[in-house]
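Hi everyone, thanks for coming.

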Amino acid sequence: MALVSIRSCGRCGFLLGLRAYATRPVGTPRKREQQDDTPVFQYVGQHRKPQGKVFVWGFSYTGALGIPSFVVPDSGRKKPRKYQLTPYRLDTEQKISSAACGYGFTLLACNSRDLTKLWGMGLNKDSQLGFQRTQHDRHKSYDYVLEPSPVSLPLVNPQETRVLQVSCGRAHSLVLTDSEGVFSMGNNAYGQCGRKIVEDEVYRFVFQQYKQHAVTHGLGHHSKASCPVPVGGDLAGVKVQQVATYGDCSLAVSTEGQVFGWGNSEYLQLASVTEATQMSSPRLLPLRGVGRVRQAACGGTQVAVLNEEGEVFVWGFGILGKGPKLSESAIPERVPATFFGRSEFNPTVKVSSIRCGLNHFAAITDRGELFVWGKNVRGCLGIGKHDDQYFPWRVTVPGHVTDVACGVDHMVALVKTII
Amino acid sequence: MTSQAVRLFRKMDGLFAVYKPQGVHWKHVRDSIESNLLKALNSCPPPAPQLAVQFQLLSGGENSSSKDVVLSPSMVPTLADHPLVTGPQFHKVHVGVGHRLDAFSSGVLVLGVGKGNGVLEHLCKSHVTRDYTLEGEFGKATDNFTHTGRVIEKTTYDHVTLDKLERVLAMIQGANQKALIMYSQVDLHTQEAYELAVRGLLYPHGKSPPILTGLRCIHFNPPHFTLEVQCVNETQKYLRKLIHEVGLELRTSAVCSGVRRTRDGPFKVENALTRQHWTAGSIIQAIAHFSKATRKIRKSEMYKQTAGQLNSNAQVQEQTRSQTEQINQQHVELSSSTSDTVVDRETPVTLSEGRTKH
């Protein structure tokens, strides 16, 4: 445009003193010669696959989050961060396939054949993270582990065996491997590690291997059981696909989609079959309106199940997720799907897995979004505030959440990036 | 007796929608509509001129030889009302503009004439949603987020697939859903907040940043792609920046090559007037077409004002939310070919039900 106007001035003669302002009308692109000079950058290759990341949030002073600068700041100007209220990325060397949260400690497992398959951080007073040898004394173990540290397992074939799943309790942990059974470590005061109870045992250096399936207690009596025994009651002969427990109540889901429960029923968790406060052998729970159950999750006082259509049902005592008025329910109540992102733009969103912490719930939808609700104990919900959440609330995580582990006051999420 | 021009002027009261072409400032559109209306008003045939009695001096007939002067009355048209003397009858028609569109964008622009300007203000305050179609192009980043700006960076885009784009859009939409509830100014620890959230009636009231209530990709042909956006409280620059951010999330860069507003509240693009129809006759027809929607907007605002004096804050908010839902209700039809079904929002509380509640 500017060139054209100068040419016409030239015809009239420059003596006119015409100043040509180079104004282009809006919407016309610039000349092509200016565009081709810029170099082209490539940020991502054509065949890049999404990566796995780990995000942690909650109470950090036990070291359970695995970020030492929150507890012991590395620079003089920083202050220790007691609560991490929003998801924070944890750098891991390997891709973590399974994570579990206990009371103040975390275990991360990698599904590889390397020598280091398991990392632990947090409280280690009962050796729930194995033996973490101190720098100064070879016979002492750290009480608090602030960074993800390798947990060494006494494997027969350390270069062949893979760790499939980890699970943590209040002060003990269990590790499931593919060919060498289950390993347990930590507190054994009630026989929860599956070995003989020793009175006044010091738990700092003990490790025990046991070659049975997951340990449960539903044996029909009320004393301690220190060896794994098959569970009887209504569960005899039933194929179980999933077991869930947290405080004192346990649920098992069979392959046909039925739910069996036993344990504490003080908070109406098992009120559909019993009026008593405890049930010592498993009974089938006739849950009406729930359909085929795919997954169950137990909290301290509340219980949740997920059915095949992706709907979540909650009952028990506490913040159940249907507003502040509903604090107790003996029958399963459905959490409305509008909370999980279902709207007229996305009519087919459903929940793909649910987990329970001691006082809160977490649900993952099939679109990779994480929703939490319940009591916000020391910031464990990850929603950026200390307030309790009475209905499902989205947690902002940069990526697709594939799995989440809930502890009492912290949570760990395994996330896949989008690109 | 009213003249034809005055009768025509009285018909010009209400709201209508106009299709603003790209590259034109919204003020030029408003000015040309106003001048077209004035032209039509002033070209109406003027009423017959008033006649006044005038005494004219006439000389006597041939009979009288004396120099008698005779005054004879006659009706003569006065010149006081002649259009060449007074000038055009109409100088100004009040034409107001609703939510503005900047020069780069095109689409539905709501205008109000005469008494409709008051209703226009209510429409602007009522948090109705607007639909846009955004055209984007991967591979470039410019300084003003459009394809006509100065190119800052060029990147490759062969790794971008529709699957990845949809995942990024789902993430953006998730964040906006959260913002919808956060800016709704309702205490989240109450049972009323839970009830509203279940019904999907939590909506930002008062000041809020731009929030997208819906986001979808309707066409993908690398490097070009098209997004359909439903948003509230937005500016067109924010939407162009959205395209840029979608590019950043996909680890490439993107520019916007077109912003087109397809709906503004109850005013849709099918009923918007194109340039040939910016004449008084078509405008009056359009005003009559939208009179129902205009009445609804006016009613909802009046209800909000009277209800505010009687009820508690939460109840007023709930009822005004349902009013906004009514105004928004017609437009949930998804216009693209990729949607299989037309999904409507659940029917909200109507006015009569709302009144009987308290």
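How many residue pairs are in polar contact between chain B and chain A? The count is nine, with both residues at pLDDT 80 or more. A polar contact here is a pair of N or O atoms within 3.5 Å; within protein, one must be able to donate a hydrogen and the other to accept it, and residues adjacent in sequence count only if both atoms are side-chain atoms.

A quick word on the ground rules. This is a predicted model, where local features need pLDDT of at least 70, side-chain atom pairs count only at pLDDT 80 or more, and totals for chains, interfaces and linings use all residues. Residues are numbered from 1 along each chain as its sequence is written, chains are lettered from A and ligands numbered from 1 in the order in which they are written, and side-chain values use heavy atoms, leaving out hydrogens and water.

Now, the contact (heavy atoms within 4.5 Å) involves 48 residues of chain A and 42 of chain B. Together the chains bury about 4,000 Å², with 63% of that on carbon and sulfur atoms. Buried area means the accessible area (1.4 Å probe) that two parts lose on being put together, summed over both. On chain B's side, K154(B), K178(B) and Y194(B) supply 17% of the area buried against chain A, more than any other three residues.
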